[in-house]
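Here is a quick tour of the model on screen. Have the viewer open and follow along, heading by heading.

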Amino acid sequence: MSVRTDERNGDVDAQPSGAGDRAQYGVCVFLALTGALVIVDATGIAHLTSSNDPIGPRPVPMILGVLLLVVAVIYAIDVARGGRGEPEGGEDVDLSSRIDWRTVLLLIGAFAVNAVLIDWLGWVISGTLLFWGSAFALGNRHYVRNLAIALTLSLVTFYGFAIGLGVNLPAGVLQGIL
């Protein structure tokens, strides 16, 4: 068993030598599964070629899938040899503090409400609820100002997608008004 001392605050972590970190192996498995899925999905792409595109659409996802598999193998070898990712260090982040489950659940609720209501109410209303609910969940208590900002953001994104990208977001109950 090896002992590591954290130079910043003198904490001592006991870690079995050669055991590696299960979470890092989980990332390796995730990368490998994603790479395999990309390759399998790419094999279903029709082999269409033209004079403008002699290789077709299949090679790029195949290459990306293979690269994901290669990264997963290299990362697994690094973890097996004792490589360890450094924890995120931020200026204003206390890594020892507990998760604020209330905020997390409120954010999940805001996204869930948006997902459920977007087809019926449309993006402008559901997006307004999403943006306002996210601001509320993150602690901002200027309700009227947040509502005005949320409505502005949802209208800007609605028309930005429609005019700028040519993608129509659902208008819902505001169909014909927007």
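## Surface and burial

The protein chain exposes about 12,800 Å², and 66% of that is supplied by carbon and sulfur atoms. Accessible areas here come from the Shrake-Rupley method with a 1.4 Å probe, and for residues only the protein chains shown count as cover. Of the 178 residues in the protein chain, 19% are buried. Buried means under 20% relative accessible area, exposed means over 50%, and partly exposed is in between (1.4 Å probe, protein chains only).

Residues are numbered from 1 along each chain as its sequence is written, and side-chain values use heavy atoms, with hydrogens and water left out.

The mean pLDDT (the predictor's confidence in each residue, from 0 to 100) is 86 for the protein chain, with 85% of its residues at 70 or more. Where pLDDT is low, the predicted coordinates should not be read in detail.

## Layout

The protein chain has five helices and two strands, running β-β-α-α-α-α-α from the N terminus on. Helices (H or I, at least four residues) and strands (E, at least two) are DSSP runs, numbered from the N terminus. Contact means heavy atoms within 4.5 Å. Of the contacts in the protein chain with a separation of 6 or more, 50% are between residues 24 or more positions apart.

In the loop between α1 (22-43) and α2 (59-80) you'll find Ile55. Ile55 is exposed because its relative accessible area is 51%. Leaving aside neighbours within four places in sequence, Ile55 is in contact with His47 and Thr49.

## The core around α3 and α4

The largest nonpolar core has eight residues: Ala110, Ile118, Trp123, Val124, Leu130, Phe158, Ala171 and Leu174. Two or more residues each come from α3 (101-121) and α4, and α4 gives the largest share, three residues. A nonpolar core is a set of buried Ala, Val, Leu, Ile, Met, Phe, Trp, Tyr and Cys residues joined through side-chain atoms within 4.5 Å. Not counting residues up to four places away in sequence, Leu130 touches Ala110, Phe111, Asn114 and Trp123.

## Two buried polar residues

Asn114 sits in helix α3 and counts as buried because its relative accessible area is 12%. Its side chain is joined to that of Ser126 by a polar contact of 2.9 Å. A polar contact is a pair of N or O atoms within 3.5 Å; within protein, one must be able to donate a hydrogen and the other to accept it, and residues adjacent in sequence count only if both atoms are side-chain atoms.

Over in helix α4 is Ser134, which is buried because its relative accessibility is 14%. A polar atom of the Ser134 side chain lies 2.8 Å from the backbone oxygen of Leu130. Beyond residues up to four places away in sequence, Ser134 touches Leu107 and Ala110.

## Helix α5

Helix α5 (residues 143-165) has buried residues Asn146, Ala150, Ser154 and Phe158, and they pack against α4. Just after α5, Gly166 takes a positive phi of about 75°.

Methods:
This is a predicted model: local features need pLDDT of at least 70, side-chain atom pairs count only at pLDDT 80 or more; totals for chains, interfaces and linings use all residues.
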